[in-house]
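The following exercises treat the contact between two protein chains.

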Amino acid sequence: MKRKKLLNKTLRYYLFSGGLMALVAIPLYYLGYNIYYIQETDEFLLEQSNNIYLKSLETLTENKIHVWNKYNHEAEILPDNGQKEENVFVTRKFYDSHEDEEVECRVLYSKIKIEDGNYLLMNRLSMLEAKKIIRSGTALHLAFFFLLLLGFTFPSRLVYKVYKKLWKPFYQTLSDVERFNIRSSEIPVFHPTDIQEFEQLNRAVENLISNSLQAYKIQKEFTENASHEMQTPLAVFRSKLDILLQQKDLTGEQSQIIQSLYEVVSRLVHMNKNLLLLAKIDNMQFPDTQSLNVAEIVNESLSFLSEQAEANHIEIQTDINENSIVQANKTLLESLVNNLLVNAVKHNILCGKIHISLWKSKLSISNTGNVAGLNENMLFRRFSRMNEKVKGSGLGLAIARQICLLYGWEIGYEYENGRHRFEVNF
Amino acid sequence: MKILLIEDEHDLAQSIMEYLSKQDYLCEHAANYRNAVERIMVYDYDCILLDLMLPDGDGLSVLEALKKGNKQTGVIIISAKDSLEDKIKGIHIGADDYLPKPFHLPELGARIYALIRRTQYASNNIITSNSLQINLLSKEVRMDGKEIVLTKKEFDLLLFLIGNKNRVISKNVLAEHLSGDMADMFDNHDFVYAHIKNLKAKLSKAGNHDSIKTIYGTGYKWVE
């Protein structure tokens with residue numbers, strides 16, 4: 001999904017809704033101003049008729065009406081035509097000699113009495129100028145509308161500046177949260193802001209982070225504590241076996257039982273150690289790294305393994321092609337190499353072969369075995385045992401993969417020409 | 001030989017005491033920090049076995065108290081915490097050895113034996129057992145003045161067995177002693193059998209018969 005910047009998205013909504021509003025406002029403005037102007041005109045006409053004309057009519061006689069009409073240009077006394085209401089307003093056209101055309105006027109007809117005769121006083125005001133003003137006002141409004149559209153479509157630097165200032169606290173919080181690493185167990189300090197929503201956001205994120213840290217700490221402690229707590233009962237178990245073995249008059253059968261218990265408890269101890277190791281790798285508790293010569297580690301491991309290999313007449317061939325130096329924690333690199341080599345011995349056949357090759361940034365270990373190719377997806381999972389005949393903790397390859405993940409190395413498996421091959425790319 | 005065991009886990013303490021008491025050691029037990037410090041101040045011990053996690057205090061402070069009292073007792077830390085930092089810290093404060101739990105009692109026995117030899121008989125590097133003379137420094141083994149040539153692992157095994165004389169030691173324990181962490185990756189401990197066989201043959205040839213007894217093919221014992 002293509003992501004847009006918040007500003008662009010905001011402006012687009014403003015453009016749409018603001019444009020629509022401005023567009024609707026134009027006819028509304030035109031109509032409203034029209035109505036308002038007519039009202040004002042009517043008031044003016046009524047005022048003029050009552051206060052100015054009627055006063056001058058008080059002394060007028062019927063035979064002087066044509067003279068009055070002659071001097072008053074915008075007003076005229078007309079004979080009564082049976083109008084019922086006192087005042088009637090109409091809009092109609094009159095011929096204007098100045099403009100030399102028919103001009104729309106607002107007209108007031110008022111009933112008056114001159115001597116004893118009933119007459120109508122007509123008073124009118126041209127609406128030509130007003131119409132012109134309204135029209136140019138509307139045009140101006142329209143111009144503003146287009147300006148607005150332009151502003152939203154191509155936001156100016158000023159808009160960007162204002163936007164940046166407004167959203168600054170938000171982007172600060174965002175980068176703080178992005179930089180946050182749960183393993184560093186540091187809660188970021190957010191900059192105080194006077195915008196309520198951003199302050200609320202900061203509080204919420206702070207809360208979330210401290211809760212996660214708490215949960216992370218508890219989980220970390222739990223795995224470690226659980227493994228540690230298990231050490232003591234295992235120690236008791238072992239010591240009791242050592243004591244039991246000292247009993248006089250043990251039968252052969254009893255000795256065999258003790259022997260299998262020794263083996264079981266050894267497996268438990270090993271499993272527990274591996275779980276603890278995994279937890280520690282997960283929790284990045286091996287921070288100290290050093291330059292290590294892979295060949296040395298391999299040889300060290302082989303010195304322990306050669307006896308086991310010889311017992312099964314397994315031939316080990318080593319090709320150290322290039323000197324390989326890696327940056328890692330010694331315990332972890334040893335664990336990685338040991339796990340791979342022990343597997344190569346353990347899952348081998350009688351009179352089998354192991355081939356170890358080392359290049360500058362690649363370690364490859366291949367061995368013969370009694371099963372065909374293994375499922376690579378399952379292979380590196382915890383407790384996914386591939387070979388039912390060979391007992392193990394089921395964690396060896398999971399540990400190997402976790403160590404590789406930690407240092408950004410690649411570990412892969414291949415089955416080729418009847419040989420299982422594990423490769424680590426440093 | 002007097003040993004003080006500072007350990008709050010009762011079952012474990014009981015096993016350790018039983019195992020050691022049959023080996024001519026006089027073993028006393030302190031289950032907490034207070035008791036441990038009291039005993040250290042009053043009595044002298046040849047060796048102290050120290051658990052780091054005590055209910056009322058840190059085991060390392062026991063060590064500090066001991067060193068302040070200027071006592072030259074050998075100390076072996078026995079801890080459920082198998083971390084390098086604790087190991088380094090303990091050795092730095094003045095512990096002589098560090099044995100992570102869960103350990104085998106014969107392993108503890110061998111460590112105590114070696115430690116007491118180091119601290120008590122600093123000038124004497126010769127161990128004698130069944131007229132066998134073992135020089136710890138030159139790693140030479142002699143029988144009636146004649147040298148018996150042993151491999152490094154055979155020599156190691158011999159010392160381990162003598163350090164736990166008259167006790168039955170399972171071949172699993174020997175396997176773990178010989179190959180450390182790698183041992184528990186294998187279930188096949190036949191290589192122990194091979195080493196024992198070779199050792200027995202070499203001793204026999206030199207005239208030392210029946211010192212190593214095999215118990216139903218599962219354990220071995222150095223009979224003195």
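**Exercise 1.** Identify the residue of chain B with which R238(A) forms a salt bridge.

*Solution.* First, recall the criterion: a side-chain nitrogen of Lys or Arg lies within 4 Å of a carboxyl oxygen of Asp or Glu. Next, apply it: R238(A) is paired with E176(B), and their closest N and O atoms are 3.1 Å apart. Finally, the count between chain A and chain B is one salt bridge.

The model is predicted: local features need pLDDT of at least 70, side-chain atom pairs count only at pLDDT 80 or more, and totals for chains, interfaces and linings use all residues. Residues are numbered from 1 along each chain as its sequence is written, chains are lettered from A and ligands numbered from 1 in the order in which they are written, and side-chain values use heavy atoms, with hydrogens and water left out.

**Exercise 2.** State how many residues of each chain are in contact with the other chain, and classify those of chain A.

*Solution.* Contact means heavy atoms within 4.5 Å. By this rule, 37 residues of chain A touch 39 residues of chain B. The side of chain A comprises 12 nonpolar, 16 polar and nine charged residues (Ala, Val, Leu, Ile, Met, Phe, Trp, Tyr, Cys and Pro count as nonpolar, Asp, Glu, Lys and Arg as charged, and the others, Gly among them, as polar).

**Exercise 3.** What area is buried between chain A and chain B?

*Solution.* Buried area is the accessible area (1.4 Å probe) that two parts lose on being put together, summed over both. Here it is about 3700 Å², of which carbon and sulfur atoms give 56%. In chain A, Q246(A), E307(A) and Q308(A) lose the most area to chain B, together 16% of what that side buries.
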